[in-house]
Amino acid sequence: MTITDLIQSAVTTAIQELYGEAIPAEQAIPTVTRKEFEGDYTIVTFPFTRFAKKKPGEIAEELGAHLVKNVPQLVRFNVVQGFLNLVVADSFWSDFLLQMAGNPDFGRAPKNGKKVMIEFCSPNTNKPLHLGHVRNILLGWACSQICEAAGYDVVKVQVINDRGIAICKSMLAWQKFGEGATPESTGTKSDHFVGDWYVRFEQEFQDEYRTWQGSGAGQQLLAEKRKADQDDKTFFKDYKNTYFNTTSPLGKEAREMLLLWEAGDPDTKALWQRMNQWVYDGFEATYEALGVNFDKFYYESNTYLLGKDIVEQGLASGVFYKKDDGSVWADLTDAKLDHKVVMRSDGTSVYITQDLGTAQMRYQDFGTEKMVYVVADEQNYHFQVLFEILKRLGEPYAAGLHHLSYGMVDLPSGKMKSREGTVVDADDLIAEVIAEAREASKERGEIVELTKPEQEDILRKIGLAALKFHIIKVTPQKRMVFDPKESVDLQGQTGPHIQYAYVRIKSVLRKASDSGLRIADSGLGAAIRNPQSAIEPQERELIGQLYRFPATVQVAAANYDPSEIANYCYDLAKAFHRFFTDLSILKAETEEAKAFRLQLCAAVANVLKTGMGLLGIEMPERM
RNA sequence: GGCUCCGUGGCUCAAUUGGAUAGAGCAUCUGACUACGGAUCAGAAGGUUAGAGGUUCGAGUCCUCUCGGAGUCACCA
């Protein structure tokens, strides 16, 4: 039982005994006392005035006296307005420290026997990964690590959109203009290679379109169809899609290629396979650079026909209805959603049909009672509809579905736009943050005596910590502004700032160890249990933070919110830095204090490493 | 236009889910190294939490309206 649980139940008992009122447990939850007051936990007594018929301050006095008398772990209290601040005994904190310090898995819950599937990244195969994917990947990865720490078995999956007109454009451009070039022959990272052909297609198409606009046919159409409030440019911009689908020779070729693919044409399939493989190889390199991996890949080329049997079932059970033209719909108006097509009148599936089928398939594959989709918030409506339909279909996993919706990433200049070339490439970004770490390290010169590979490993850890922390610290649901300059900051509220706390501890522990001190000595343990002097405020602050870690992991898992962990780690590192400048460790006043502080340092290092590890951020031993 | 989400110092983000004087970082200014690592710490300045009402002991948080921004409303994916 945690101290907060203990206080909570003691408060409900006390209220019962003092005022004869049975209050709901959630009204007795202690909060952490604000720094400017003395105390560890606070109970707000305003809600109790209703039945106690006394002033909040009076209630707080009575409650405080009762609690201190009945709860051995509470030694004092003070009252400010209606706030009852409770002071926990030093011995409780030092006992806790002693007990958790030897546990490298502190913060990790035992297995809870439940499984959760987390889908993230889910790219298209015609372009390399960009900043948007990076946020997605970091969120998904961190969530999977956090859920695992919270006791779940986690299955990490992604759904790859490997088919459709987009990849056909890359294929066609390569076929027409590539002259057999390969990533190897051009020295290009293979996913970028494929992306370049996609760009080439768009360029060729634009050229073709521009020429056509000046032609007799184009001018004639303009004269006939242009609306009064349109200038020529906007007209042709709006018409582009129609031109691609009806008039363009290149468009025709691309669509024919898609038809060949759907018909299973061997040559087309072979080309498709070859180009997709290039993309996968490139993605894999990026995943590795980011330090993430997946347990299972689902490919849309395998799943895009799924879901039709579900439509049949839904029709039979009355969840769906059929229109005269043969199309099948779900009426979700009573859930404030709308009517939604689940099958076209020609009997082919739409996007959501495939999602219905894929959900079922995954459940059959893994039997996970929870499924999390990490997808940008532009698809909020889609997931509302999807989940509502699955619920109505009575799927056993429907209650465990969750859309981890995250906001788009903007640049200081505004939205990322591929057409304007403002998309931030993932590989470039990674290289850039590491280069920045290298520059900063040069000025410091702390790691010059290490071997080159050791140095590079550290610089990689620092650069990635800066990037990852900068993105993960933001609440997922919020749209965020990503300033590349700020993402490589190494000072302040950053990943490296937290790494630095860890490195400082490691340095102290090395020195302690060099002088023959071992913090695990039982004699030191005994000293910790009987501290000669009271625990200093800076120490107390740190221990209190450590104590909060397991609960923070649980909350982060329950909310699928890695930013919770990021903020926790920052607070802990900040508290450590303060402790470090205020108090001496190796030159502490007494041997007991020295042992205590070393133990505390080791515990902080351990939690920092675990916590940052949950975010996919590695800790260097030096920097 | 309908629906959904968002609006917090110059900038980027917090706020223990309705609690105390709204906290951090960046940028600006000032101070702290013959120190266990200065990628640090301490301090100053900067706020009518977009605006107006309301609910209550108490509102950045809940309700209503206004303003501003975003997303979404395909037999696309």
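**View 1. Domain 1 and domain 2 of chain A, seen by their centres.** Taken over C-alpha atoms, the centres of domain 1 and domain 2 sit 56 Å apart. Chain A is split into domain 1 (3-88), domain 2 (138-304 + 351-410) and domain 3 (426-614), with bounds that come from an automatic or database domain assignment. Keep in mind that this is a predicted model: local features need pLDDT of at least 70, side-chain atom pairs count only at pLDDT 80 or more, and totals for chains, interfaces and linings use all residues. Residues are numbered from 1 along each chain as its sequence is written, chains are lettered from A and ligands numbered from 1 in the order in which they are written, and side-chain values use heavy atoms, with hydrogens and water left out.

**View 2. The protein surface around RNA strand B.** There are 58 residues around RNA strand B, and D325, R344, R444, Y500 and L583 come nearest (a residue is near if one of its heavy atoms lies within 4 Å of the strand). By class, you get 25 nonpolar, 15 polar and 18 charged residues; here Ala, Val, Leu, Ile, Met, Phe, Trp, Tyr, Cys and Pro count as nonpolar, Asp, Glu, Lys and Arg as charged, and the others, Gly among them, as polar. Helix α20 (495-514) is among the elements that supply at least two residues here, along with β2 (41-44), β4 (83-88), β14 (480-481) and α23 (562-582). The top contributor is α20, with seven residues. Helices (H or I, at least four residues) and strands (E, at least two) are DSSP runs, numbered from the N terminus.

**View 3. A closer look at what RNA strand B touches.** Of the RNA strand B atoms within 4 Å of the protein, 59% belong to sugar or phosphate, and the rest to bases. On the base side, a base oxygen lies 3.3 Å from a polar side-chain atom of N559. For the phosphates, look at K574: an N or O atom in its side chain is 3.3 Å from a phosphate oxygen.

**View 4. The second largest pocket, between two domains.** Domain 1 and domain 3 both give residues to the lining of this pocket, so it lies between them. The lining has 27 residues, with T33, K35, P537, R540 and E541 nearest the centre of the pocket. Helices α22 (537-559) and α23 are the elements that give two or more residues to the lining. By class, the lining divides into 11 nonpolar, five polar and 11 charged residues. On a 1 Å grid over the protein atoms alone, a pocket is an open set of points with protein on both sides within 12 Å along at least five of seven lines, and lining residues have an atom within 4 Å of a point.

**View 5. An aromatic pair, W93 with Y547.** The whole structure holds 40 aromatic pairs (rings of Phe, Tyr and Trp, using its six-membered ring, with centres within 6.5 Å; planes under 30 degrees apart count as stacked, over 60 as edge-to-face and the rest as tilted). W93 and Y547 make an edge-to-face pair, 5.5 Å centre to centre with 85° between the planes. Since W93 lies in helix α4 (residues 90-101) and Y547 in helix α22, the pair ties together parts that are 454 residues apart in sequence.

Definitions and conventions:
A polar contact is a pair of N or O atoms within 3.5 Å; within protein, one must be able to donate a hydrogen and the other to accept it, and residues adjacent in sequence count only if both atoms are side-chain atoms. On a 1 Å grid over the protein atoms alone, a cavity is a set of points where a 1.4 Å probe fits but cannot get out, and a pocket is an open set with protein on both sides within 12 Å along at least five of seven lines; lining residues have an atom within 4 Å of a point.
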